[in-house]
Amino acid sequence: MWTPFLLSCLLCTLGIVAQPRYLIIIPAALPYPSSQRACLDLRGVEKPIRVALTLVHPSGNLSLYRKVVRNDWIFECTRFQVPRPAGSQEVATVHLHISNGHYFSASEDKKVLIHRAGTGTFIQMDKPIYNPGQTVKFRIVTLTEDFVPVNSKYSMVEIQDPNQNRIGQWLDVRPKQGVADLSFHLADELSLGTYTISAQSFKSNSVQSTTFKVEERVLQKFDVFFEGPTQIYASDKTFPLQVCGRYSFGKAVRGTVHVTLCQKARRWPQNASKDICREYSGPTASNGCFTPSVSTSVFNLTPSEEDNKLYAEASLLEMGTGVQINTSSQILISRTAARAVFETPNEYYIPGVPYRGKIKVQDHYGTGMKNRKVYLVIRFMRRRFIKTYITDDSGIASFNLDTTAWNSSSVSLEVTGKSGIVVRGQRNIQIGKLNSKSWQRMLKGSFSIPLTFTADLSPSPSLVVYAIFPNGGVTADSIRLDVALCFQNQVKVRFPGKEAHAGSAVQLQLQAAPGSLCAVQAVDENMFFTRPDRELTSQMVYGLFPAAYQRGYPAQVEEHSDRCVQPQSLSSLLRGRPQQSFQPDIFNLFRNMGLKVFSNLVIKKPSQCSRRMDRKPIIGVPSTEDQRINEEQPQFTTHRRSHHYFPETWLWNVYSVGGSREKKSPVPNMPVTPALAPPLSALSPLCCCAILITVPISPGYQTQLLYKHRDGSYSFFGPKDGEGNTWLTAFVLKNFGQARKYIYIDDKNIQDALRWLEQNQLPSGCFATKGNFFHSSLKGSMDDEVSLGAYVAAALLEMGLPLQGKLMQTTLRCLQKVVHNITNIYTEALLAYAFALAGDYETTQELLYKLEEQAIKSGGQIHWSPKPSSPSYTDFRPGTQSVDIELTAYVLLAYLSKPRVHAGDMTTAAGIVAWLMRQQNAYGGFASTQDTAVALQALAKYAARTFSTSGQAVVRVRSQRAFGKAFQVSRQQRLLVQQAALVEIPGQFLLQAHGSSCIFTQTVLRYHKRSPGTPVIFTLRVSTELNNCSQANPRVLTVRILTSYIGSRVTSNMVIIEVSLLSGFIMTSRSRVLLENRTIVKKIEVKANVVYIYLEKLNDESQTFILQLEQVIQVKNLKPAGIKIYDYYQPEERALAEYSAVCS
């Protein structure tokens, strides 16, 4: 990016020399593909001389320069194309040969590194922190070293959750015009923590990653923060310490602030009683801040055994609510009042040439001190001189010293001052050798070089100037420049106005080069305040190519000095004895620029031979405290607190630009400012471009991984349970195996679960019962080896595990041994389904014959139940239990999964389907999650068996009065849900169907009336206590729930307490934590203003649960809210109650 500029900036002086002098430079690193330069400086040519510069590499030789030079002096550069390396890189040799017969001949070899030009990839997130249920948006961009976008595809892009589960994957992602734009929807319930996005390059297999965080959506009412100094000074008598509170919408918090400020003892072991602490408290002012004036006299600000920091802790207690938010900070104690530093002086001088430099005087905040007297002490040859300077408005004093009297000695410069200025600047200067005894007669003068800085010269070009004197002496100097981090393609974005009303449309004005495709991002600027490293900036883009900032040679072609000199004592230098020259190291000037040098001039400074001795600090290096102070500027904290906070991404769009474009966009429900500029606007030449690639990723898959253990198993409440659950692991394995046809499932999760099942397989071939089973109605069936083995076998076969595999064969052998002795009806149904899937027709038929004898048949409907039932039991719920539905569904699956299905089987299946469909609720589900999953699977299998593309029908619905509706069901409409409201209620309706087709009809009646005769299964009592009734402040409501199980079993199944929140109230985070710490509480969910408390089980002993609700929005005429407790697997077993927030 900057090499051509470096190679062209060379200065030479003419002169006549005794023999040819040459200096040739070429870059040490040659990126492929690229065009590079080699430059030749040859002088003192008295006879024609032949010059040949050749690049020798494994693929062949490349002539870089070949010419017969006849002029006395020549300086020219030649351009060449870098050859392709055999691999990613290779070391080549540049061979120089200069000759004109016997008069002069020279040869040199230098190693250079040919490497393939690198690329850099960044992943831009629309924001660094997300909440569950949000959509993660990100762009992947790969650039060459010249910032040209690369359109090569990424072989894989993946997202990993905090547990290293791969929850999202895209294969062969090809960007369009340089950018791949992807999105991923987070499940409402998933692991919190740090997620990783990785993109693997198809060409290089290199992987670039970035991270984002998923945090719980917490409605924190206000923030507390320090707005005071991060550093104080020994000379300070007092300093202001400010603590502020702000609501998320910007309003100041009223309340009481308590601050503790401590200076800790540094003795070991640490003794807190030796700490120096002071406390300050008081109310917040109208701006929400408390600002005590702290006297430093109580602390020890001088060097001592106390720590050089003050530790500040603050809390803000909100008036009226009792809500307290804490924060902390540290304040550095600096013992430097002011300091003086040298700015850009050379470490050597040339006798007779003026030595120039600058001294900057800064106060303890780093600000330049103007009109200050500075004393520069000059020491050489045991002599001492003092010069006085006055700093300018920037705190800088420039000096220009005559070196004539320094007499080629080592010189020391030191800055002193008065009025408390502490000296922090000192420099030793060595002599630069001229190789001429008559240096007093040296030429003097000046010249200027006009430089035009473009994007090619960013970020940090260097300029070297050298001169070759007539006697062969050489001198040089260099300077390193800082250039703005700019790009070739300039993009401008702005909003016409500084502010806009919420909800109004604003114009986004975008200007770029024609043909640009610009990607625009706009979020609240505070989104990146906590994670500034995740914001896309020019510095980050340039940081993709650290070689642009590096100096020196690549390690593979490094050059080391072949000779060294013994270091001489300082006394010998002062006595003026002959010594090795301290001339500027010309070789290192070029080396630092990454340039290889061929020369017969004395350009390399010999290195000092090392001695085994303790090294003393070099004079002139800033002290540790100076460095620390420099790193910690600025000295005052600036808290970027948003008064108009909107955490969602506002703009994340791609626009085609033909020069300039205006786009209207509605403002979020907060005021915004045009500071929301797209970070990608600086990129060139792409500006930015995007293509949306969508892949099916199920939020349910993400949620399921919450329940995974490290050993690959799953349980009802995940790692919170002590161990994995055999039944649930098989259930998850089946679903993952079936779902991977339609959504992305990481195969590692499937293999981990299979491995865990294999490890828990008993010698009999069945499986050990691991983990709790919360469905007590099935507990007798599912906690024995046979029923569990049947379930696992069916699950493994459903997921597609090979029948001939070892795991399947041993499992089936276990079941075959006991199949004839089973008496449990649920186990029989499971076994029938498992053997049907395994293709064992005879065993399946035997089990179905036994089940048919136990079937409950009425009105053309067939079902099964673990307990005897009368025909009236077949009526619509609440009589039907969840276990009946699940059991009946397994029998249907067995009939439909046999290797040979007969007409009689389909007749039986039709009767089963008729009963199952009558158990569906108004939303298509059944009694619980578990029975719904099995029943829908069975109904879907039946639908697949009976599906036909032919046939159509008409369904007519008529009332006794005027209502009439006809539904047309054809091939094109067979998946269309058609419905109509029955308005003549109460009333009788007639339904008639004509045609040839299979049609499902359902009538739904919704009413608000408790079913009569519901048995009491749970006790439920609710009491409330409302605080702050007499104040016009937010209220806090304490809800006490007292409940127990008094049903026919010893304990209940898993129980859910469902608490609907009052309008304007939320559950406090402290209340949630206290509930989660209860052993009986397995999980808490908050969705749509409803709190779900999952209990492991209940018995007849009463349990009390306390919720603390906080009012965040005041609502008039507040209506009561409901609380419901019910059995998870048998929701008909429930109890209801109401509560309200009424002041007594």
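Which hand does the disulfide of Cys244 and Cys289 have, judging by the torsion about the S-S bond? Keep that in mind as you open this predicted model, and let us walk through it stop by stop.

**Stop 1: Cys244 and Cys289**

Select Cys244 and Cys289 and show their side chains. A disulfide joins the two, with 1.9 Å from S to S. The torsion about the S-S bond is about 105°, so this disulfide is right-handed. The link connects distant parts of the chain: Cys244 sits in strand β20 and Cys289 in strand β23, 45 residues apart. Both ends are hidden away: Cys244 counts as buried at 1% relative accessibility, and Cys289 counts as buried at 4%.

**Stop 2: the sheet around that link**

Now switch to a cartoon view and colour β17, β20 and β23. These three strands make an open, antiparallel sheet in the order β17-β20-β23. At the edges stand β17 (222-226) and β23 (289-290); each has a single partner strand, so one side of each has no neighbour in the sheet. Strand β20, residues 243-247, pairs with β23 over two bridges in the antiparallel sense. Look again at the cysteines here: Cys289 in β23 is also the bridge partner of Cys244.

**Stop 3: two other disulfides**

How many disulfides does the structure hold? There are four, so pick out two more of them with the cut-off of sulfur atoms within 2.5 Å.

- Select Cys39 and Cys77, whose sulfur atoms are 1.9 Å apart in a disulfide. The pair ties together parts 38 residues apart in sequence, because Cys39 lies in strand β3 (residues 35-43) and Cys77 in strand β6 (residues 73-81). Cys39 is buried at 2% relative accessibility, whereas Cys77 is partly exposed at 34%.
- Select Cys262 and Cys277, a disulfide with its sulfur atoms 2.0 Å apart. This link is right-handed, with 115° about the S-S bond. Cys262 belongs to strand β21 (residues 255-263) and Cys277 to strand β22 (residues 276-283), 15 residues apart in sequence. Cys262 is buried at 13% relative accessibility, while Cys277 is partly exposed at 32%.

**Stop 4: the nonpolar cores**

Next, select Phe138, Val157 and Leu796. These are the residues with the most contacts inside the largest nonpolar core, which has 110 residues. Centre the view on Val157: beyond its close neighbours in sequence, up to four places away, it touches residues including Phe138, Ile140, Trp170, Leu182 and Ile197. A second, separate core has 33 residues, among them Leu1037, Tyr1045, Val1059 and Leu1062.

**Stop 5: strand β53**

Colour residues 1055-1060, which make up strand β53. Five of its six residues are buried. The strand pairs with β56 (residues 1090-1095) over six bridges, in the antiparallel sense; there, Ile1057 has Ile1093 as its bridge partner.

**Stop 6: Ser959**

Finish at Ser959, found in strand β48 (residues 953-959). Is Ser959 buried or exposed? Its relative accessible area is 13%, so Ser959 is buried. Show its side chain and you can trace two polar contacts: one joins it to the side chain of Glu984 at 2.7 Å, and another reaches the backbone nitrogen of Phe963 at 3.0 Å.

Key:
Residues numbered from 1 in each chain as written. Predicted model: local features only at pLDDT ≥ 70, side-chain atom pairs only at ≥ 80, totals over all residues. Heavy atoms only, no water. Pairing = 2+ DSSP bridges. Helix = DSSP H or I, 4+ residues; strand = E, 2+ residues; numbered from the N terminus. Core = buried A, V, L, I, M, F, W, Y, C linked by side-chain atoms within 4.5 Å. Buried < 20%, exposed > 50% of the residue type's maximum accessible area, 1.4 Å probe, protein only. Contact = heavy atoms within 4.5 Å. Polar contact = N/O pair within 3.5 Å; in protein donor to acceptor, adjacent residues only side chain to side chain.
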